[in-house]
Structures are given as structure tokens and as C-alpha cells.
Amino acid sequence: NNQEIYRQTMNVELDDRTQHEIYMPVFAAAFQAGAGSVMCSYNKVYGVHACENEKLLTTILREELGFKGFVMSDWGATHD
């Protein structure tokens, strides 16, 4: 979600190649530089709220990128 409009109701759908080539490198660089936390967003990704999204938070963030820090929800972004 690269815009403020509809950020609480938008569902982001993207293919794995786009995810890995465009969006993941900036997070990887931040983690290599020592970032210890990330914030999950309001919108849905792959049909699941970002703060409850196993593919984003476990598969991509923890397993593929090796992130060891903590995830903070954006204000009002939790739904469960």
C-alpha cells in the first residue's frame, strides 16, 4: 500500500517475484544495518490483515529474511 487512501480496507495482491525483487531488499538492508523492529500495517496482504499474516510475519520476515527483532502493530491495525 503506497498511498494513504483506503489504507484500512485495501487488499494488496502481488506475486512472489515482485515481493522478493522490489519490497524485500529494503527490509533486508535495514536488518543488516541493525534494525531491531518493524511495524505491521492496517491493510490486508494476500487477503489477510498484515498484522495477522503468517506469510508476511513468519515465512518472509522470520524465515526468509532471518529477522530476530520484534513486530509492533500500527495504531488500530490489530483485528484479532
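Reader: Which side chains does the 3.1 Å polar contact join?
Author: The side chains of Gln19 and Tyr46. A polar contact here is a pair of N or O atoms within 3.5 Å; within protein, one must be able to donate a hydrogen and the other to accept it, and residues adjacent in sequence count only if both atoms are side-chain atoms. Keep in mind that this is a predicted model, where local features need pLDDT of at least 70 and side-chain atom pairs count only at pLDDT 80 or more, while totals for chains, interfaces and linings use all residues. Residues are numbered from 1 along each chain as its sequence is written, and side-chain values use heavy atoms, with hydrogens and water left out.

Reader: OK, is Gln19 buried or exposed?
Author: Gln19 counts as buried because its relative accessibility is 9%. The cut-offs are under 20% relative accessible area for buried, over 50% for exposed, and partly exposed in between (1.4 Å probe, protein chains only).

Reader: Where is Gln19, and what is it in contact with?
Author: Gln19 sits in helix H1, residues 16-32. Helices (H or I, at least four residues) and strands (E, at least two) are DSSP runs, numbered from the N terminus. Leaving aside neighbours within four places in sequence, Gln19 is in contact (heavy atoms within 4.5 Å) with Leu14, Met24, Tyr46 and Ile60.

Reader: Tyr46 again. How far is Glu13 from Tyr46, in sequence and in space?
Author: They are 33 residues apart in sequence, and 5.3 Å apart in space, C-alpha to C-alpha. Beyond four places in sequence, Glu13 is in contact with Tyr46 and Gly47.

Reader: And is Glu13 buried or exposed?
Author: Exposed, with a relative accessible area of 55%. Glu13 is in the loop between strand S1 (11-12) and H1, and a polar contact of 2.8 Å joins its side chain to that of Asn11.

Reader: Switching to Asn53: what does it touch?
Author: Not counting residues up to four places away in sequence, Asn53 touches Val45, Tyr46, Val48 and Thr58. Asn53 lies in the loop between strand S4 (48-49) and helix H2 (54-64), and counts as buried because its relative accessibility is 3%.

Reader: Zooming out, in what order do the elements run?
Author: From the N terminus on, β-α-β-β-β-α-β. That gives two helices and five strands.

Reader: How many of the contacts come from residues 24 or more positions apart?
Author: Those account for 64% of the contacts with a separation of 6 or more in the protein chain.

Reader: What share of the 80 residues is buried?
Author: 25% count as buried.
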